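Thank you all for coming; I would like to walk you slowly through one model this morning.

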Amino acid sequence: MFEKLAELICNYVEVEPQEVHPDSRFVEDLGFSSFDFMSMLGEAEEEFGVEIDPQKASGILTVQEAADYLQELCEK
């Protein structure tokens with residue numbers, strides 16, 4: 001899940017997959033705008049076949065939090 005998410009992240013910001021770490025913060029460390037973040041989540045919904053709760057998504061700060069949330073949704 002983490003590797004797949006790292007690939008998605010690289011579609012939105014100028015970083016290499018090896019620069020994405022579990023504790024990387026989307027805005028502060030990776031340079032995401034809120035629009036980029038929501039666009040990436042939309043792509044993640046399609047990629048993983050899940051529906052992301054926007055309220056829950058607004059509390060996600062790190063890549064690991066996003067990976068954990070997506071994993072949880074995939075297991076439902």
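Predicted model: local features only at pLDDT ≥ 70, side-chain atom pairs only at ≥ 80, totals over all residues.

Let me start with glutamate 75, whose place is in the segment after α4, where a helix is a DSSP run of H or I with at least four residues, a strand is a run of E with at least two, and both are numbered from the N terminus. Residues are numbered from 1 along each chain as its sequence is written, and side-chain values use heavy atoms, with hydrogens and water left out.

Is glutamate 75 buried or exposed? With a relative accessible area of 60%, glutamate 75 is exposed, because exposed means over 50%, buried means under 20%, and partly exposed is what lies in between, using a 1.4 Å probe and protein chains only. The side chain of glutamate 75 is joined to that of glutamine 71 by a polar contact of 3.1 Å; such a contact is a pair of N or O atoms within 3.5 Å, where within protein one must be able to donate a hydrogen and the other to accept it, and residues adjacent in sequence count only if both atoms are side-chain atoms. Between the C-alpha atoms of glutamate 75 and glutamate 47, which are 28 residues apart along the chain, the separation is 15 Å.

Next, please look at lysine 56, which is found in helix α3 and which is partly exposed, at a relative accessible area of 44%. If we leave aside neighbours within four places in sequence, lysine 56 is in contact with Tyr69 and Glu72, contact meaning heavy atoms within 4.5 Å. Lysine 56 and tyrosine 69 are 13 residues apart in sequence, and their C-alpha atoms are 8.8 Å apart in space.

Now to two loop residues. Threonine 62 lies in the loop between α3 (54-57) and α4 (63-74), and serine 24 lies in the loop between α1 (2-10) and α2 (34-48). Threonine 62 is buried, with a relative accessible area of 14%, and serine 24 also counts as buried, at 5%. A polar atom of the threonine 62 side chain lies 3.2 Å from the backbone nitrogen of glutamate 65, and for serine 24 a side-chain polar atom lies 2.9 Å from the backbone nitrogen of histidine 21. Not counting residues up to four places away in sequence, threonine 62 touches Pro22, Asp23, Ser24, Arg25 and Phe26, while the residues that serine 24 touches include Leu61, Thr62 and Val63.

Finally, the helix packing. What is the angle between α1 and α2? They pack at about 135°, with their axes 10 Å apart, where axes are lines fitted to C-alpha atoms, for helices over the stretch in contact, and angles run from 0 to 180 degrees between N-to-C directions. That makes α1 oblique to α2, because angles under 35 degrees count as roughly parallel, over 145 as roughly antiparallel, 65 to 115 as roughly perpendicular, and the rest as oblique. In this contact, Lys4, Leu5, Leu8 and Ile9 of α1 meet Met40, Glu43, Ala44, Glu47 and Phe48 of α2.

The helices α1 and α4 pack at an angle of about 120°, with their axes 10 Å apart, and they are therefore oblique to each other. Their contact is made by Phe2, Leu5 and Ile9 of α1 together with Val63, Gln64, Ala66, Ala67 and Leu70 of α4. That is where I will stop, and I am happy to take questions.
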